[in-house]
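Please open the model in your viewer and keep the selection tool at hand. We will go stop by stop.

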Protein chains: 2
Amino acid sequence: MAARPTDTKESILRLGMEFIQTYGYHSFSYADIAKELKIKNAAVHYHFPGKEDLLAEIVEQYIQRYHELARSLEKPGISSRQKIQAFINRYTALCEHGKICLIGSVGSDYNTLPEKAKVKLTELVKLVLGLVEKVLREGKKKGELTFSESARIKSILIMTNLAAGVQLARITGQQDYTAICNSLMKQLTG
Amino acid sequence: MAARPTDTKESILRLGMEFIQTYGYHSFSYADIAKELKIKNAAVHYHFPGKEDLLAEIVEQYIQRYHELARSLEKPGISSRQKIQAFINRYTALCEHGKICLIGSVGSDYNTLPEKAKVKLTELVKLVLGLVEKVLREGKKKGELTFSESARIKSILIMTNLAAGVQLARITGQQDYTAICNSLMKQLTG
DNA sequence: CTGAAAACTTACTAAGTAGTAAGTTTTTTG
DNA sequence: CAAAAAACTTACTACTTAGTAAGTTTTCAG
(Lines give C-alpha, C1' and ligand atoms only; values in the text may rest on other atoms or scores of the structure.)
Protein backbone atom coordinates (compact mmCIF):
# COMPACT_ATOMS: atom_id res chain seq x y z
CA MET A 1 0.00 0.00 0.00
CA ALA A 2 2.86 2.33 0.75
CA ALA A 3 4.74 3.40 -2.35
CA ARG A 4 8.20 3.16 -0.82
CA PRO A 5 9.29 1.70 2.52
CA THR A 6 10.39 4.91 4.17
CA ASP A 7 7.58 7.09 2.83
CA THR A 8 5.25 6.50 5.75
CA LYS A 9 7.86 7.12 8.40
CA GLU A 10 8.93 10.34 6.71
CA SER A 11 5.32 11.43 6.35
CA ILE A 12 4.70 10.84 10.04
CA LEU A 13 7.76 12.91 10.94
CA ARG A 14 6.73 15.68 8.57
CA LEU A 15 3.18 15.73 9.88
CA GLY A 16 4.29 15.50 13.49
CA MET A 17 6.54 18.51 12.98
CA GLU A 18 3.67 20.40 11.36
CA PHE A 19 1.27 19.53 14.19
CA ILE A 20 3.75 20.55 16.88
CA GLN A 21 4.43 23.88 15.21
CA THR A 22 0.75 24.52 14.56
CA TYR A 23 -1.02 23.09 17.62
CA GLY A 24 1.64 21.98 20.11
CA TYR A 25 2.98 18.62 21.27
CA HIS A 26 0.08 17.84 23.62
CA SER A 27 -2.61 18.88 21.15
CA PHE A 28 -2.24 16.18 18.54
CA SER A 29 -2.63 12.44 18.81
CA TYR A 30 -1.51 9.38 16.93
CA ALA A 31 -5.09 9.18 15.70
CA ASP A 32 -4.73 12.62 14.08
CA ILE A 33 -1.65 11.48 12.21
CA ALA A 34 -3.21 8.15 11.23
CA LYS A 35 -6.33 9.86 9.92
CA GLU A 36 -4.43 12.39 7.85
CA LEU A 37 -2.15 9.74 6.31
CA LYS A 38 -5.05 7.29 5.86
CA ILE A 39 -3.29 4.59 7.82
CA LYS A 40 -4.23 2.93 11.11
CA ASN A 41 -3.23 4.04 14.56
CA ALA A 42 -1.00 1.01 15.12
CA ALA A 43 0.99 1.79 11.99
CA VAL A 44 2.19 4.98 13.62
CA HIS A 45 3.20 2.97 16.68
CA TYR A 46 5.08 0.59 14.39
CA HIS A 47 7.42 3.39 13.28
CA PHE A 48 7.44 5.26 16.58
CA PRO A 49 6.59 2.96 19.52
CA GLY A 50 5.85 5.85 21.87
CA LYS A 51 4.98 9.48 21.32
CA GLU A 52 8.21 10.43 23.03
CA ASP A 53 10.15 8.53 20.36
CA LEU A 54 8.37 10.54 17.70
CA LEU A 55 9.11 13.80 19.50
CA ALA A 56 12.78 12.91 19.93
CA GLU A 57 13.14 12.15 16.22
CA ILE A 58 11.35 15.35 15.24
CA VAL A 59 13.72 17.41 17.36
CA GLU A 60 16.64 15.42 15.94
CA GLN A 61 15.45 16.19 12.42
CA TYR A 62 15.33 19.88 13.30
CA ILE A 63 18.89 19.62 14.62
CA GLN A 64 20.04 18.07 11.36
CA ARG A 65 18.39 20.85 9.37
CA TYR A 66 20.32 23.42 11.36
CA HIS A 67 23.54 21.52 10.73
CA GLU A 68 22.69 21.70 7.04
CA LEU A 69 22.05 25.43 7.30
CA ALA A 70 25.38 25.85 9.10
CA ARG A 71 27.17 23.94 6.33
CA SER A 72 25.46 25.89 3.55
CA LEU A 73 26.55 29.14 5.20
CA GLU A 74 30.18 28.02 5.27
CA LYS A 75 30.45 28.35 1.49
CA PRO A 76 32.52 31.37 0.48
CA GLY A 77 30.96 34.52 -0.92
CA ILE A 78 28.10 34.82 1.54
CA SER A 79 28.10 38.06 3.49
CA SER A 80 27.37 38.11 7.22
CA ARG A 81 24.29 40.11 6.47
CA GLN A 82 23.07 37.39 4.11
CA LYS A 83 23.76 34.75 6.73
CA ILE A 84 21.67 36.56 9.32
CA GLN A 85 18.98 37.06 6.71
CA ALA A 86 18.99 33.32 5.95
CA PHE A 87 18.42 32.64 9.63
CA ILE A 88 15.60 35.17 9.84
CA ASN A 89 14.05 33.73 6.68
CA ARG A 90 13.47 30.42 8.46
CA TYR A 91 11.26 32.16 10.98
CA THR A 92 9.54 34.20 8.32
CA ALA A 93 8.60 31.04 6.44
CA LEU A 94 7.02 29.65 9.61
CA CYS A 95 5.22 32.89 10.28
CA GLU A 96 3.65 32.93 6.85
CA HIS A 97 2.09 29.54 7.52
CA GLY A 98 0.81 30.41 10.97
CA LYS A 99 3.37 28.10 12.55
CA ILE A 100 5.76 28.77 15.37
CA CYS A 101 9.34 27.77 16.00
CA LEU A 102 9.84 24.21 17.29
CA ILE A 103 11.89 25.52 20.20
CA GLY A 104 9.12 27.90 21.21
CA SER A 105 6.43 25.27 20.90
CA VAL A 106 8.17 22.42 22.69
CA GLY A 107 9.95 24.84 25.03
CA SER A 108 6.71 26.01 26.58
CA ASP A 109 5.92 22.35 27.37
CA TYR A 110 9.39 21.81 28.80
CA ASN A 111 8.36 20.61 32.25
CA THR A 112 6.13 17.90 30.80
CA LEU A 113 8.63 16.54 28.29
CA PRO A 114 10.25 13.10 28.52
CA GLU A 115 13.92 13.27 29.46
CA LYS A 116 15.12 12.27 26.00
CA ALA A 117 13.33 15.22 24.42
CA LYS A 118 14.64 17.64 27.04
CA VAL A 119 18.20 16.64 26.24
CA LYS A 120 17.68 16.96 22.49
CA LEU A 121 15.96 20.31 22.91
CA THR A 122 18.89 21.65 24.91
CA GLU A 123 21.22 20.42 22.18
CA LEU A 124 19.12 22.19 19.55
CA VAL A 125 19.07 25.49 21.43
CA LYS A 126 22.83 25.43 21.91
CA LEU A 127 23.32 24.64 18.23
CA VAL A 128 21.14 27.52 17.05
CA LEU A 129 22.63 30.01 19.49
CA GLY A 130 26.13 28.87 18.56
CA LEU A 131 25.40 29.27 14.87
CA VAL A 132 24.11 32.82 15.24
CA GLU A 133 26.88 33.72 17.65
CA LYS A 134 29.52 32.61 15.16
CA VAL A 135 27.98 34.64 12.34
CA LEU A 136 27.77 37.68 14.60
CA ARG A 137 31.36 37.35 15.80
CA GLU A 138 32.72 36.99 12.28
CA GLY A 139 30.51 39.75 10.94
CA LYS A 140 31.71 42.15 13.58
CA LYS A 141 35.35 41.25 12.90
CA LYS A 142 34.86 41.88 9.19
CA GLY A 143 33.08 45.15 9.92
CA GLU A 144 29.90 43.90 8.25
CA LEU A 145 27.78 43.83 11.39
CA THR A 146 27.51 46.25 14.29
CA PHE A 147 26.30 45.59 17.82
CA SER A 148 27.48 46.65 21.25
CA GLU A 149 26.71 43.47 23.22
CA SER A 150 28.82 40.34 23.20
CA ALA A 151 28.13 38.01 20.26
CA ARG A 152 26.73 35.48 22.70
CA ILE A 153 24.23 37.86 24.28
CA LYS A 154 23.29 39.39 20.95
CA SER A 155 22.55 35.93 19.56
CA ILE A 156 20.20 35.30 22.49
CA LEU A 157 18.48 38.64 21.97
CA ILE A 158 17.95 37.96 18.27
CA MET A 159 16.72 34.42 18.80
CA THR A 160 14.26 35.42 21.52
CA ASN A 161 12.95 38.27 19.37
CA LEU A 162 12.30 35.89 16.49
CA ALA A 163 10.94 32.93 18.48
CA ALA A 164 8.51 35.07 20.43
CA GLY A 165 7.90 37.21 17.36
CA VAL A 166 6.35 34.40 15.34
CA GLN A 167 4.09 33.58 18.30
CA LEU A 168 3.07 37.22 18.62
CA ALA A 169 2.23 37.27 14.92
CA ARG A 170 -0.55 34.75 15.49
CA ILE A 171 -2.04 36.94 18.22
CA THR A 172 -1.69 40.52 17.03
CA GLY A 173 -0.91 40.07 13.34
CA GLN A 174 2.09 39.68 11.09
CA GLN A 175 3.03 43.35 10.85
CA ASP A 176 4.59 43.20 14.32
CA TYR A 177 6.77 40.33 13.24
CA THR A 178 7.82 42.17 10.09
CA ALA A 179 8.72 45.19 12.20
CA ILE A 180 10.91 43.00 14.42
CA CYS A 181 12.82 41.67 11.41
CA ASN A 182 13.34 45.11 9.92
CA SER A 183 14.51 46.45 13.24
CA LEU A 184 16.95 43.59 13.77
CA MET A 185 18.56 44.02 10.36
CA LYS A 186 18.71 47.76 10.78
CA GLN A 187 20.43 47.42 14.15
CA LEU A 188 23.02 45.04 12.74
CA THR A 189 23.76 46.64 9.38
CA GLY A 190 23.08 50.26 10.26
CA MET B 1 -15.89 22.37 54.73
CA ALA B 2 -14.51 25.42 52.94
CA ALA B 3 -13.44 28.15 55.33
CA ARG B 4 -14.91 31.02 53.35
CA PRO B 5 -17.20 30.96 50.32
CA THR B 6 -14.81 32.47 47.80
CA ASP B 7 -11.70 30.69 49.02
CA THR B 8 -12.12 27.67 46.79
CA LYS B 9 -12.76 29.65 43.63
CA GLU B 10 -9.72 31.82 44.28
CA SER B 11 -7.60 28.76 45.00
CA ILE B 12 -8.66 27.17 41.75
CA LEU B 13 -7.74 30.32 39.84
CA ARG B 14 -4.40 30.58 41.62
CA LEU B 15 -3.60 26.93 41.00
CA GLY B 16 -4.79 27.07 37.41
CA MET B 17 -2.49 30.01 36.76
CA GLU B 18 0.39 28.14 38.36
CA PHE B 19 -0.27 25.00 36.32
CA ILE B 20 -0.50 26.93 33.06
CA GLN B 21 2.76 28.75 33.73
CA THR B 22 4.50 25.58 34.86
CA TYR B 23 3.10 22.84 32.61
CA GLY B 24 0.86 24.50 30.03
CA TYR B 25 -2.89 24.69 29.46
CA HIS B 26 -3.24 21.23 27.93
CA SER B 27 -1.06 19.52 30.53
CA PHE B 28 -3.21 19.87 33.61
CA SER B 29 -6.67 18.54 34.31
CA TYR B 30 -9.54 19.33 36.64
CA ALA B 31 -8.49 16.20 38.52
CA ASP B 32 -5.06 17.72 39.16
CA ILE B 33 -6.66 20.80 40.66
CA ALA B 34 -9.17 18.79 42.68
CA LYS B 35 -6.45 16.55 44.08
CA GLU B 36 -4.22 19.45 45.12
CA LEU B 37 -7.09 21.32 46.80
CA LYS B 38 -8.49 18.14 48.33
CA ILE B 39 -11.90 18.67 46.81
CA LYS B 40 -13.80 16.64 44.24
CA ASN B 41 -13.64 17.00 40.48
CA ALA B 42 -17.22 18.25 40.28
CA ALA B 43 -16.49 21.06 42.73
CA VAL B 44 -14.13 22.55 40.18
CA HIS B 45 -16.87 22.29 37.55
CA TYR B 46 -19.22 24.04 39.97
CA HIS B 47 -17.04 27.19 39.92
CA PHE B 48 -15.88 26.86 36.31
CA PRO B 49 -18.33 24.81 34.23
CA GLY B 50 -15.83 24.25 31.43
CA LYS B 51 -12.06 24.41 31.24
CA GLU B 52 -12.39 27.28 28.80
CA ASP B 53 -14.24 29.28 31.45
CA LEU B 54 -11.37 28.72 33.83
CA LEU B 55 -8.84 29.77 31.20
CA ALA B 56 -10.79 32.90 30.34
CA GLU B 57 -10.93 33.95 33.99
CA ILE B 58 -7.24 33.26 34.47
CA VAL B 59 -6.35 35.47 31.53
CA GLU B 60 -8.79 38.08 32.81
CA GLN B 61 -7.09 38.00 36.22
CA TYR B 62 -3.74 38.54 34.52
CA ILE B 63 -5.24 41.50 32.66
CA GLN B 64 -6.42 43.01 35.95
CA ARG B 65 -2.98 42.57 37.48
CA TYR B 66 -1.46 44.52 34.62
CA HIS B 67 -4.04 47.27 35.08
CA GLU B 68 -2.96 47.39 38.72
CA LEU B 69 0.70 47.60 37.69
CA ALA B 70 -0.17 50.40 35.28
CA ARG B 71 -1.97 52.31 38.05
CA SER B 72 0.84 51.82 40.55
CA LEU B 73 3.32 53.21 38.01
CA GLU B 74 1.25 56.34 37.54
CA LYS B 75 2.16 57.59 41.01
CA PRO B 76 4.62 60.49 40.88
CA GLY B 77 8.27 60.08 41.76
CA ILE B 78 8.90 56.86 39.86
CA SER B 79 11.60 57.15 37.23
CA SER B 80 11.17 55.59 33.79
CA ARG B 81 14.07 53.35 34.60
CA GLN B 82 12.28 52.11 37.70
CA LYS B 83 9.12 51.51 35.70
CA ILE B 84 10.94 49.36 33.20
CA GLN B 85 12.63 47.56 36.06
CA ALA B 86 9.25 46.87 37.67
CA PHE B 87 8.10 45.31 34.41
CA ILE B 88 11.23 43.19 34.12
CA ASN B 89 10.89 42.14 37.77
CA ARG B 90 7.61 40.39 36.95
CA TYR B 91 9.40 38.12 34.54
CA THR B 92 12.31 37.62 36.91
CA ALA B 93 9.93 36.44 39.62
CA LEU B 94 8.49 33.85 37.22
CA CYS B 95 11.92 32.77 36.13
CA GLU B 96 13.04 32.11 39.68
CA HIS B 97 10.16 29.67 40.14
CA GLY B 98 10.71 27.87 36.86
CA LYS B 99 7.53 29.35 35.45
CA ILE B 100 6.98 31.10 32.15
CA CYS B 101 4.89 34.09 31.14
CA LEU B 102 1.17 33.41 30.67
CA ILE B 103 1.30 34.96 27.21
CA GLY B 104 4.13 32.67 26.19
CA SER B 105 2.47 29.60 27.60
CA VAL B 106 -1.02 30.15 26.25
CA GLY B 107 0.34 31.83 23.12
CA SER B 108 2.05 28.67 21.96
CA ASP B 109 -1.31 26.88 22.21
CA TYR B 110 -3.07 29.68 20.35
CA ASN B 111 -4.53 27.59 17.53
CA THR B 112 -6.19 25.21 19.97
CA LEU B 113 -7.72 27.85 22.23
CA PRO B 114 -11.45 28.52 22.53
CA GLU B 115 -12.50 31.79 20.91
CA LYS B 116 -13.14 33.50 24.24
CA ALA B 117 -9.58 32.90 25.38
CA LYS B 118 -8.14 34.07 22.06
CA VAL B 119 -9.95 37.39 22.41
CA LYS B 120 -8.81 37.86 26.01
CA LEU B 121 -5.24 36.93 25.12
CA THR B 122 -5.18 39.52 22.36
CA GLU B 123 -6.50 42.08 24.84
CA LEU B 124 -3.76 41.14 27.30
CA VAL B 125 -0.97 41.43 24.74
CA LYS B 126 -2.18 44.85 23.61
CA LEU B 127 -2.40 45.99 27.22
CA VAL B 128 1.15 44.91 28.05
CA LEU B 129 2.65 46.32 24.87
CA GLY B 130 0.75 49.56 25.39
CA LEU B 131 2.00 49.84 28.95
CA VAL B 132 5.65 49.37 27.98
CA GLU B 133 5.29 51.62 24.96
CA LYS B 134 3.96 54.44 27.12
CA VAL B 135 6.79 54.13 29.62
CA LEU B 136 9.33 54.11 26.79
CA ARG B 137 7.78 57.12 25.06
CA GLU B 138 7.70 59.17 28.26
CA GLY B 139 11.17 58.02 29.29
CA LYS B 140 12.62 59.11 25.98
CA LYS B 141 10.88 62.47 26.19
CA LYS B 142 12.28 63.05 29.67
CA GLY B 143 15.73 61.97 28.53
CA GLU B 144 15.73 59.08 30.98
CA LEU B 145 15.71 56.32 28.40
CA THR B 146 17.53 55.95 25.10
CA PHE B 147 16.60 53.79 22.10
CA SER B 148 16.67 54.34 18.37
CA GLU B 149 13.53 52.41 17.37
CA SER B 150 9.98 53.67 17.75
CA ALA B 151 8.52 53.18 21.22
CA ARG B 152 6.07 50.69 19.76
CA ILE B 153 8.73 48.52 18.13
CA LYS B 154 11.04 48.79 21.12
CA SER B 155 8.23 47.59 23.40
CA ILE B 156 7.77 44.53 21.19
CA LEU B 157 11.48 43.81 21.20
CA ILE B 158 11.67 44.04 24.98
CA MET B 159 8.59 41.93 25.54
CA THR B 160 9.72 39.20 23.15
CA ASN B 161 13.17 39.15 24.78
CA LEU B 162 11.63 38.65 28.21
CA ALA B 163 8.86 36.22 27.25
CA ALA B 164 11.21 33.95 25.33
CA GLY B 165 13.95 34.62 27.86
CA VAL B 166 12.11 32.97 30.74
CA GLN B 167 11.44 29.96 28.51
CA LEU B 168 15.08 29.77 27.53
CA ALA B 169 16.05 29.88 31.20
CA ARG B 170 14.35 26.53 31.77
CA ILE B 171 16.33 24.98 28.91
CA THR B 172 19.83 26.43 29.12
CA GLY B 173 19.85 27.95 32.60
CA GLN B 174 19.07 31.20 34.29
CA GLN B 175 22.29 33.02 33.49
CA ASP B 176 21.08 33.61 29.93
CA TYR B 177 17.95 35.27 31.26
CA THR B 178 19.97 37.44 33.63
CA ALA B 179 22.18 38.49 30.74
CA ILE B 180 19.10 39.51 28.75
CA CYS B 181 17.86 41.72 31.59
CA ASN B 182 21.23 43.35 32.10
CA SER B 183 21.55 43.99 28.41
CA LEU B 184 18.06 45.49 28.14
CA MET B 185 18.65 47.91 31.00
CA LYS B 186 22.08 48.84 29.69
CA GLN B 187 20.64 49.58 26.23
CA LEU B 188 17.93 51.81 27.68
CA THR B 189 19.83 53.65 30.37
CA GLY B 190 23.29 53.42 28.82
C1' DC C 1 -34.36 28.96 64.21
C1' DT C 2 -35.78 28.16 59.66
C1' DG C 3 -35.85 28.33 54.77
C1' DA C 4 -33.24 29.17 50.82
C1' DA C 5 -29.26 29.60 48.37
C1' DA C 6 -24.50 28.38 47.83
C1' DA C 7 -21.03 24.95 47.96
C1' DC C 8 -20.18 21.02 47.65
C1' DT C 9 -20.03 15.10 47.03
C1' DT C 10 -21.40 10.82 44.84
C1' DA C 11 -21.80 8.39 40.96
C1' DC C 12 -21.83 8.28 36.48
C1' DT C 13 -21.13 8.91 31.00
C1' DA C 14 -19.07 9.37 26.53
C1' DA C 15 -15.15 10.27 24.23
C1' DG C 16 -10.39 10.32 23.53
C1' DT C 17 -5.59 8.87 24.91
C1' DA C 18 -1.35 5.99 24.33
C1' DG C 19 -0.18 1.59 23.75
C1' DT C 20 -0.13 -3.75 22.62
C1' DA C 21 -0.71 -8.53 20.87
C1' DA C 22 -1.70 -11.22 17.13
C1' DG C 23 -2.60 -11.87 12.53
C1' DT C 24 -2.27 -10.29 7.40
C1' DT C 25 -0.34 -8.25 3.45
C1' DT C 26 3.41 -6.41 0.96
C1' DT C 27 8.13 -6.06 -0.25
C1' DT C 28 12.66 -7.59 -0.51
C1' DT C 29 16.21 -10.88 -0.96
C1' DG C 30 18.78 -15.11 -1.60
C1' DC D 1 9.88 -18.51 -6.72
C1' DA D 2 10.12 -19.15 -1.81
C1' DA D 3 11.53 -17.69 2.62
C1' DA D 4 12.03 -13.88 5.50
C1' DA D 5 11.68 -9.46 6.87
C1' DA D 6 9.17 -5.16 6.78
C1' DA D 7 4.94 -2.77 6.85
C1' DC D 8 1.06 -2.83 7.92
C1' DT D 9 -4.44 -3.97 9.93
C1' DT D 10 -7.66 -5.76 13.31
C1' DA D 11 -9.12 -5.81 17.65
C1' DC D 12 -8.41 -4.80 21.92
C1' DT D 13 -6.94 -2.77 26.86
C1' DA D 14 -6.32 0.34 30.61
C1' DC D 15 -6.42 4.93 31.61
C1' DT D 16 -7.51 9.80 31.54
C1' DT D 17 -10.25 13.45 29.95
C1' DA D 18 -14.07 16.93 30.36
C1' DG D 19 -18.48 17.08 31.71
C1' DT D 20 -23.31 16.13 34.08
C1' DA D 21 -27.32 14.88 37.01
C1' DA D 22 -28.92 14.21 41.41
C1' DG D 23 -28.49 14.31 46.10
C1' DT D 24 -26.14 16.22 50.52
C1' DT D 25 -24.03 19.46 53.48
C1' DT D 26 -22.85 24.03 54.72
C1' DT D 27 -23.59 28.92 55.05
C1' DC D 28 -26.27 32.82 55.57
C1' DA D 29 -30.18 36.05 55.71
C1' DG D 30 -34.61 37.20 57.54
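**Start at a side chain**

Select Arg137(B): at 47% relative accessibility, Arg137(B) counts as partly exposed. The scale works like this: buried means under 20% relative accessible area, exposed means over 50%, and partly exposed lies in between (1.4 Å probe, protein chains only). This is a predicted model, where local features need pLDDT of at least 70 and side-chain atom pairs count only at pLDDT 80 or more, while totals for chains, interfaces and linings use all residues. Residues are numbered from 1 along each chain as its sequence is written, chains are lettered from A and ligands numbered from 1 in the order in which they are written, and side-chain values use heavy atoms, with hydrogens and water left out.

Is Glu133(B) buried or exposed? Its relative accessibility is 16%, so Glu133(B) counts as buried. The side chains of Glu133(B) and Arg137(B) form a salt bridge, at 2.3 Å from N to O. A salt bridge here is a side-chain nitrogen of Lys or Arg within 4 Å of a carboxyl oxygen of Asp or Glu. Side chains of opposite charge can pair when their charged atoms come close. Both residues, Glu133(B) and Arg137(B), sit in helix H7 of chain B, 4 residues apart, or about one turn of the helix. Helices (H or I, at least four residues) and strands (E, at least two) are DSSP runs, numbered from the N terminus.

Select Glu60(B) and Lys120(B). Their side chains meet in a salt bridge, 2.7 Å from N to O. Glu60(B) is in helix H4 (residues 51–72) of chain B and Lys120(B) is in helix H7 (residues 115–141) of chain B, so this pair ties together parts 60 residues apart in sequence. Glu60(B) is partly exposed at 23% relative accessibility. Lys120(B) is partly exposed too, at 21%.

Switch to chain A. Glu60(A) forms a salt bridge with Lys120(A), with the closest N and O atoms 2.7 Å apart. Glu60(A) counts as partly exposed, at 22% relative accessibility. How many salt bridges are there over all chains? The count comes to 10.

**Then: where the chains meet**

Show both chains. In contact (heavy atoms within 4.5 Å) are 36 residues of chain A and 36 residues of chain B. The area buried between them is about 3300 Å², and carbon and sulfur atoms give 61% of that. Buried area is the accessible area (1.4 Å probe) that two parts lose on being put together, summed over both. Select Ser108(A), Asn111(A) and Ile171(A): in chain A, these lose the most area to chain B, together 18% of what that side buries.

Zoom in on Arg152(A) and Asp176(B). Their side chains meet in a salt bridge, 2.9 Å from N to O. The count between chain A and chain B is 2 salt bridges.

Colour the helices of chain A. Which one gives the largest share? H8(A) does, with 14 residues.

**Last stop: the two copies**

Superpose chain A on chain B. A rotation of 180° with 0.0 Å of shift along its axis does it, at RMSD 0.0 Å. That is the relation of a two-fold axis.

Technical notes: Copies are superposed by least squares on the C-alpha atoms of residues with pLDDT of at least 70 in both.
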